[in-house]
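Here is a short briefing on charged side-chain contacts and one annotated stretch. Keep the structure open as you read.

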Amino acid sequence: MKLNIGLDQDTLKQVNELLNALLADQHVLYIKTRKYHWNVSGPSFLEYHEFFEKQYTQLEAAIDEVAERIRTLGGRPLSTMEDFLKHTSLKEDKSSEVKTEDMFKRLLDDHEQSIRELREDVSKCEELEDAGTADFLTALMEAHEKMAWMLRKYLS
């Protein structure tokens with residue numbers, strides 16, 4: 001059934017493509033954060049373990065919200081690892097051993113890349129006159145900014 005919400009089909013297609021790329025990025029970042037949660041070690045193990053858990057829990061909620069936004073706009077969310085890896089701009093971490101400091105650096109890099117891309121996506125949605133998705137992406141960008149700030153504090 002066609003949506004009648006004030007956005008034409010081409011706009012909906014463009015926005016859903018943008019959201020699916022975001023969904024892929026969120027999945028890759030979620031898996032990376034979860035990996036580090038499982039594999040962190042050292043004297044501050046418990047603190048880092050719990051910190052990563054808080055971050056992947058936030059990402060998990062964001063993933064669901066992005067997928068629901070896609071469905072709200074009449075699209076189909078990507079739903080396979082193959083599709084996520086094909087559409088992400090982030091790099092999967094295939095390394096077997098990662099130093100704790102590098103975990104924080106890699107996650108910070110990914111969050112900062114996500115923030116930059118979200119800024120572009122907000123502008124694109126504003127150009128397409130999709131205020132709802134622009135607001136949605138702005139809130140998600142702010143969440144990534146906060147997660148990046150917290151990662152940055154562990155590196156200072």
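Is K32 buried or exposed? K32 counts as buried, because its relative accessibility is 6%, below the 20% cut-off. The model is predicted. Eight salt bridges turn up in a search of the whole structure.

**The buried pair**
- K32 forms a salt bridge with D110, at 2.6 Å from N to O.
- The two partners come from distant parts of the chain: K32 sits in helix α1 (residues 9–39) and D110 in helix α4 (residues 100–127), 78 residues apart.
- D110 is buried too, at 7% relative accessibility.

**Between helices α4 and α5**
- E145 and R119 join their side chains in a salt bridge of 2.7 Å, N to O.
- R119 belongs to helix α4 and E145 to helix α5 (residues 131–155), so the contact ties together parts 26 residues apart in sequence.
- E145 is partly exposed, at 29% relative accessibility.
- R119 is also partly exposed, with a relative accessible area of 45%.

**Within helix α4**
- K105 and E101 form a salt bridge, with their closest N and O atoms 3.2 Å apart.
- These residues are four positions apart in helix α4, which means about one helical turn separates them.
- K105 is partly exposed at 38% relative accessibility, and E101 is partly exposed at 46%.

**A network**
- Salt bridges link K35, D93 and R106 in a network.

**The annotated stretch**
- An unreviewed UniProt entry annotates residues 101–128 as a "coiled-coil region".
- In the model, residues 101–128 are 96% helix and 0% strand.
- The C-alpha atoms at the ends of this stretch lie 40 Å apart.

Key. Residues numbered from 1 in each chain as written. Predicted model: local features only at pLDDT ≥ 70, side-chain atom pairs only at ≥ 80, totals over all residues. Heavy atoms only, no water. UniProt positions renumbered as here; feature names shortened; annotations may be inferred. Helix = DSSP H or I, 4+ residues; strand = E, 2+ residues; numbered from the N terminus. Salt bridge = Lys/Arg side-chain N within 4 Å of Asp/Glu carboxyl O. Buried < 20%, exposed > 50% of the residue type's maximum accessible area, 1.4 Å probe, protein only.
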